[in-house]
Amino acid sequence: MTDYLQVSVAYVGEQGQMLRAIEVACGTRLEEALHQSGVLERFPEIDLARNKVGVFGKLAKLDQALEDGDRIEIYRPLIADPKAARKRRAAGAG
């Protein structure tokens, strides 16, 4: 067993995007990795109390332990309800 894990952090914001591979100690939690990656400093609009996070497209909690190869993703809040937007598009097409 190795002492370190290779993980990556991904975020796409209005002011740019970031995909950074980092090495973290075994037992590192998701929130700790986000701080270590520098994403929170680069994108101050990220609020971990408001933005949801996930690993490979599945929602995750900030205290989740990471596994080797995980890709941590930070999700921005939706600006429109997807169902309502679909209904508006369908109504306009008819």
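View 1. The model shown is predicted. Its C-alpha trace spans about 60 × 25 × 20 Å along the principal axes. Of the 94 residues in the chain, 33% are buried.

**View 2. Three helices and five strands make up the secondary structure of the chain.** Start at the N terminus and follow the elements: they run β-β-α-α-β-β-β-α. Strand β3 covers residues 52-55. Strand β4 covers 58-60, and β5 covers 71-75. Helix α3 holds residues 82-93.

**View 3. Five residues form a positive patch on the surface.** Look for K83, R86, K87, R88 and R89, which gather there. Now pick out R86. It sits in helix α3.

**View 4. E73 and R71 form a salt bridge.** Their closest N and O atoms are 2.4 Å apart. That is within the 4 Å cut-off for a salt bridge. How many salt bridges does the count come to? The count comes to one. The two partners differ in their cover. E73 is buried, because its relative accessibility is 10% and buried means under 20%. R71 is partly exposed, with a relative accessible area of 30%.

**View 5. D63 lies in the loop between β4 and β5.** Which class does D63 fall into, buried or exposed? D63 is exposed, because its relative accessible area is 53% and exposed means over 50%. Now find L30. Along the chain, D63 and L30 are 33 residues apart.

**View 6. F56 has a positive phi, yet it is not a glycine.** The angle is about 50 degrees. F56 is found in the loop between β3 and β4. The residue is partly exposed, with a relative accessible area of 45%.

Notes:
Residues are numbered from 1 along each chain as its sequence is written. This is a predicted model: local features need pLDDT of at least 70, side-chain atom pairs count only at pLDDT 80 or more; totals for chains, interfaces and linings use all residues. Side-chain values use heavy atoms; hydrogens and water are left out. Patches are made of residues with over 30% relative accessible area and no salt bridge: like charges are joined within 9 Å, nonpolar side chains (Val, Leu, Ile, Met, Phe, Trp, Tyr) within 5 Å. Accessible areas come from the Shrake-Rupley method with a 1.4 Å probe; for residues, only the protein chains shown count as cover. A salt bridge is a side-chain nitrogen of Lys or Arg within 4 Å of a carboxyl oxygen of Asp or Glu. Lys and Arg count as positive and Asp and Glu as negative; His and the chain ends are not counted. The place of a charge is taken as NZ of Lys, CZ of Arg, CG of Asp or CD of Glu. Helices (H or I, at least four residues) and strands (E, at least two) are DSSP runs, numbered from the N terminus. Buried means under 20% relative accessible area, exposed over 50%, partly exposed in between (1.4 Å probe, protein chains only).
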